[in-house]
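Hello,

Here is the structure I promised to pass on. My notes on its contacts and aromatic rings follow below.

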Amino acid sequence: MRHQGRIRKWLAAAAGAAALLSVLHGPAATATAAQAPPPAGNTLNLHQCVYAPTPGVDYMTMLVPSLDGRFTTGTNTSATADRSLSCGGGDGNYTPVLPWAALESLDLGSGRYLNLHQCVYYSDLQHDHLTVIVPGRGSEWSAGTHVSNTPDTQVSCGPGRGLYYLVPLLSSVKALDLTAGRYLNLQQCQYYSSRLTDHFTTFLPSGDGRFTTGTKVSATADSSYTCGAGDGNFTLVPLLSATKALSRT
């Protein structure tokens, strides 16, 4: 009888321990399973593709595939960061060139604001503009595009190098509030001067307000671009302009 009493006490203790383990481990496993994965489009992969004619000098920057489909880029939102730059082959007259072509992957969950920095450079000798949003291969052509919990108010650009120097009036920064909607509507406005044989690209309104674009965060996806008419010397090229609605989910 004494053995039976000891067995009952041992079984009771074991049952109590099992219940305690269930209390300790059960909710932790449930909480882990309940953790929501990050949004499928939480990484913004900006593919900056730069094209130029051969021979000649007339740099043309693309973040968004042109409306006519001749110039493509891999800019997208994804669950993961892209590992390699994706640019189209051009149209035969204009082909991809380095060193300004570059890829930047940004974690849109790391802050409230997507601070896009547009840096525009110019060469007096070449009569040529060059636009950079993504840092290139070297600090001379850097652009301060990043995600942060604070909005940037001053554009951050490298000084340029050689024949190309920074043009502050055409450069700008725009802090896009990522809580404003599901879509990053990235708009590309391509201008051209036939007198100078020079393409000029903007993704943000220029600092002097002469060239405007409709890049924004919104609850709806844009299906058409909004570009300014230019300044009289440079006129809009509709076939090379475009918009891309990048969804975060």
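A contact here means heavy atoms within 4.5 Å. The model is predicted, so local features need pLDDT of at least 70 and side-chain atom pairs count only at pLDDT 80 or more, while totals for chains, interfaces and linings use all residues. Residues are numbered from 1 along each chain as its sequence is written, and side-chain values use heavy atoms, with hydrogens and water left out.

Let me start with glutamate 104. Leaving aside residues up to four places away in sequence, glutamate 104 touches Leu44, Asn45, Leu46, Val134, Pro135 and Thr145. Its place is in strand β5, residues 102-107 (strands are DSSP runs of E, at least two residues, numbered from the N terminus). With a relative accessible area of 14%, glutamate 104 is buried (under 20% relative accessible area, 1.4 Å probe, protein chains only).

Now the rings. Those of Phe, Tyr and Trp (its six-membered ring) pair if their centres lie within 6.5 Å; planes under 30 degrees apart count as stacked, over 60 as edge-to-face and the rest as tilted. This rule gives 12 aromatic pairs. Tryptophan 141 and tyrosine 164 are edge-to-face, because their centres are 6.3 Å apart and their planes at 70°. Tryptophan 141 lies in the loop between β7 (128-132) and β8 (146-148) and tyrosine 164 in strand β10 (residues 164-166), so this pair ties together parts 23 residues apart in sequence. Both residues, tryptophan 141 and tyrosine 164, are buried. Tyrosine 191 and phenylalanine 200 make a tilted pair, at 6.3 Å centre to centre and 35° between the planes. Ring pairs also link Tyr59, Trp100, Tyr121, Trp141 and Tyr164 into a cluster.

Best wishes

Notes: Helix = DSSP H or I, 4+ residues; strand = E, 2+ residues; numbered from the N terminus. Buried < 20%, exposed > 50% of the residue type's maximum accessible area, 1.4 Å probe, protein only.
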